[in-house]
Amino acid sequence: MDWDKLRIFHAVADAGSLTHAGDALHLSQSAVSRQIRALEDGLNATLFHRHARGLILTEQGELLFDATKAMNQRLEAAVARIRDSKEEVFGELRVTTTTAFGSMWLAPRLPKLYEAYPDLRIDLMLEERVLDLPMREADVAIRMKEPSQADLIRKRLMDVHMRLYATPSYLEANGTPEKLEDLSKFRLICQNTSAAQVSAGAALVRELLTYDVGSLLTVNNYFGVLQSVLNDLGIGVLPDYITHDFPQLTRVLPSVESKDIPVYLAYPEELRASKRIEAFRDFVTSELIAQRRSTAS
């Protein structure tokens, strides 16, 4: 099979357009179209349905795209390992973590990492979906539970707890609850229990809602909860790691918190020698150590 035709097919299937694929490959639309037709003739199969809005893969096209996607990911992994055999830390590092941890803890600290490694390019993917690291959907992950896949290197970074916080100005204007039953007089800000989140956080919210809170604001991520709390809207359910960067928040009902939420850093076994992974892992670890020391003092 002609590898060049497969490369062009993959680009077309990924882009859903001959024009966009041609732009990415620096080929004319007609050249791309000829290669696709030649591949279809060689396979004696139709790979795309042509529509005015673009190209849609046929069943046979889906099968071939699955194969070329796996090939492309393995090639990317090989290139990454070759590059990482050098001492320099450079190139792209694809990092995935949750929206909350990525936006509220990791992103504000990245200037330090770029200062140390100016040639590093980070693609930060913030989402609750767990990306497949062995299939190279990302290079390294920070997740709020231990990864289940066996072929990953994992490091437990810390434990997180969901707790209740409010601003001093909100508490001054509305009072401070002394017990859970007092929540009927306050506005609770939290994630909806059906939203994607750690199970311990959802369990805490379900418990709080049994106390017939006076008013409720639900947001689909903790960054939105934080902004609402900072703007004096109510008492928010938030992860405890935010207190280091937002010391103006006051903890409410100090005896109330979720169960332990373990935080893990994980990456594929094949990237064990990666200088980029090593630099990122050491950076995150050192930042967490510094935060713990600061909190302890």
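The model is predicted: local features need pLDDT of at least 70, side-chain atom pairs count only at pLDDT 80 or more, and totals for chains, interfaces and linings use all residues. Residues are numbered from 1 along each chain as its sequence is written, and side-chain values use heavy atoms, with hydrogens and water left out.

The chain contains 10 helices and 12 strands (DSSP runs numbered from the N terminus, helices being H or I of at least four residues and strands E of at least two). Along the principal axes, its C-alpha atoms fill a box of roughly 75 × 45 × 30 Å. The radius of gyration is 24 Å, whereas a compact globule of 297 residues would have a value near 19 Å (taken over C-alpha atoms; the globule rule is 2.2 Å times the number of residues to the power 0.38). Of the 297 residues, 47% count as buried (under 20% relative accessible area, with exposed over 50% and partly exposed in between; 1.4 Å probe, protein chains only). Among contacts (heavy atoms within 4.5 Å) between residues at least 6 apart in sequence, 75% join residues at least 24 apart.

Glu92 lies in strand S3, which spans residues 91-97. This residue counts as partly exposed because its relative accessibility is 37%. When residues up to four places away in sequence are not counted, Glu92 touches Arg121, Asp123, Asp139 and Arg276. Leu131 is 39 residues from Glu92 along the chain, and the C-alpha atoms of the two are separated by 17 Å.
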